[in-house]
Amino acid sequence: MLCLTLTGSTLEEDRALVERNRGWIALAELRLDHLLPDEQKIASSFPSTVDLPVILTMRRKVDGGMCSVPEKQRLQLLYEAAKGDFAYVDIEDDVKKSDLKFKDPLFEQKVDLEHSLRTRGVRIIRSYHNFECVPADLFGRIHKLAAKGDIPKVAVTPGNMMDVITLFRVQQELSSLTEKIVIGMGPYGVCTRILYKKCGSLLSFCSDSQAAPGQLSAQSMSELYRSDKLDEKTHIYGIIGNPVSHTSSPNIHNPGFEAIRYNAVYVPFLVDSVRAFFKLAEMLQIHGFSVTVPHKRSVQPYLGRITREVKQIGSCNTVVRIQNMWKGINTDYYGFLVPIEALIAQGEIRNALVIGAGGASRAVVWALHNHGVKVTILNRSIEHARTLANETMSAYDTLENAYLYSETVDLVVQTTNVGMGDLMGQEPCPSLHFSGKEFVYELVYKPEETVFLKRAKEAGCTIITGKQMLMEQGKLQFEAFTGYHYPHWVDVVL
């Protein structure tokens with residue numbers, strides 16, 4: 001089930017959120033702590049105005065919520081709202097039983113909220129939140145939360161791949177608990193939100209406003225990742241990198257899988273340790289994955305076979321499981337060539353300037369070298385440039401001297417990440433000038449037109465965007481993963 005967290009300040013806003021997302025969700029969580037005080041007083045009416053089960057939650061600030069009133073007042077508000085027709089009520093693990101007894105004018109004695117809820121058939125979710133880490137006693141905590149017959153919920157923050165493995169181990173360690181909610185928050189936890197069933201989780205939360213760190217939208221969870229439709233037979237693929245949140249690769253592979261009716265999902269994995277990821281890959285029986293910075297070289301010791309391109313280039317961007325071993329491929333090599341192969345064959349590109357000497361640059365330089373193009377590599381670190389140049393019989397220089405190569409080449413290729421993410425708006429070599437006759441090719445695909453490309457375009461150059469290479473290398477990965485050509489009728493939005 002996908003549960004939409006409602007963060008409106010009024011019940012009307014929350015109803016609109018349900019309506020907008022209704023096709024993708026199975027239930028909703030009314031966040032009492034986000035509502036205005038007057039709206040909190042009438043929150044008990046909310047479940048009867050929507051056509052799906054609702055969880056009632058009043059989250060404290062310490063647990064990632066908005067509620068800052070005294071604890072006694074918070075629980076009183078929760079009690080009053082819980083008189084509504086809610087399917088579930090969330091109560092934190094450290095709330096004392098004695099604090100859940102309330103005076104009610106309708107009754108002669110104090111009312112026990114927990115007893116009242118159970119009598120009415122309302123399920124209690126017993127929750128634990130940790131925004132710092134994944135505690136060492138996670139499995140024990142879940143068992144303890146479930147002791148009263150309630151649904152245990154843990155929302156914890158993995159800080160590395162080993163923590164992620166711990167969350168995926170919950171299912172096998174606590175398989176006897178058929179109902180539990182397991183959530184990994186933050187960047188490392190995104191894969192656990194998408195693959196929540198692999199954690200043994202009853203549901204996964206989503207929202208339009210990222211109510212908790214790492215939450216995705218209901219549309220992405222249901223349409224792009226099909227999280228609520230995954231089953232035991234679903235083949236898992238993914239992309240590993242650090243960072244990886246910017247990736248558009250899921251937008252290529254997941255629509256492709258759906259178009260050919262292939263039961264598979266492609267998930268982003270933030271990876272700090274390649275060794276730990278290969279443990280997770282065996283555990284989840286991952287069938288293949290893309291590799292982005294900084295892991296294109298560090299995956300290689302774990303591969304049973306590599307293609308000629310990987311051996312020559314020393315960079316691997318695709319790994320597939322073949323006959324119980326991992327095979328490394330480089331689709332960057334051929335994906336890069338697709339937009340310019342005809343120009344090289346026609347003699348319009350004879351020499352090139354390549355900016356950068358990282359993993360992507362290696363594929364670019366080798367591809368150009370193997371097709372008879374003379375290459376000069378410019379890089380901030382002269383040592384890295386020299387190493388790659390010596391391997392490919394290319395020339396090299398430091399980025400500081402970029403101006404010396406102005407208007408001297410047919411092709412300029414920008415392979416660094418300058419211009420994207422935190423470096424958006426920056427340029428790798430502002431001193432390089434264009435004559436307007438060059439072909440300027442940049443591997444950055446977000447944004448589609450960087451400051452560097454815009455300057456080249458204004459000079460009259462023919463520009464080739466990173467989206468073209470991303471799409472071409474992605475199609476080749478898709479073939480390696482599935483054995484099928486990428487469906488030409490899919491309209492990919494990058």
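**Exercise 1.** Is Arg22 buried, partly exposed or exposed, and at what relative accessibility?

*Solution.* The structure is a predicted model, in which local features need pLDDT of at least 70, side-chain atom pairs count only at pLDDT 80 or more, and totals for chains, interfaces and linings use all residues. Residues are numbered from 1 along each chain as its sequence is written, and side-chain values use heavy atoms, with hydrogens and water left out.

Step 1. The classes are buried (under 20% relative accessible area), exposed (over 50%) and partly exposed (in between), with a 1.4 Å probe and protein chains only.
Step 2. Arg22 has 27% relative accessibility and therefore counts as partly exposed.

**Exercise 2.** Identify the salt-bridge partner of Arg22 and locate both residues.

*Solution.* 
Step 1. A salt bridge requires a side-chain nitrogen of Lys or Arg within 4 Å of a carboxyl oxygen of Asp or Glu.
Step 2. Arg22 meets Asp51 in such a bridge, at 2.9 Å from N to O.
Step 3. Asp51 lies in the loop between α2 (37-40) and β3 (54-57), and Arg22 in the loop between α1 and β2 (27-31), so the pair ties together parts that are 29 residues apart in sequence. Helices (H or I, at least four residues) and strands (E, at least two) are DSSP runs, numbered from the N terminus.
Step 4. Asp51 counts as exposed, at 57% relative accessibility.

**Exercise 3.** Which parts of the chain does the salt bridge between Asp208 and Arg20 tie together?

*Solution.* 
Step 1. The N to O distance between the side chains of Asp208 and Arg20 is 3.0 Å.
Step 2. Arg20 belongs to helix α1 (residues 11-21) and Asp208 to the loop between β10 (204-206) and α8 (218-224), so the bridge joins parts 188 residues apart in sequence.
Step 3. Asp208 is partly exposed, at 38% relative accessible area, whereas Arg20 is exposed, at 51%.

**Exercise 4.** How many salt bridges does a search of the whole structure find?

*Solution.* 
Step 1. The search finds 33 salt bridges.
Step 2. A network of salt bridges links several residues, including Arg59, Asp63, Glu92 and Lys153.
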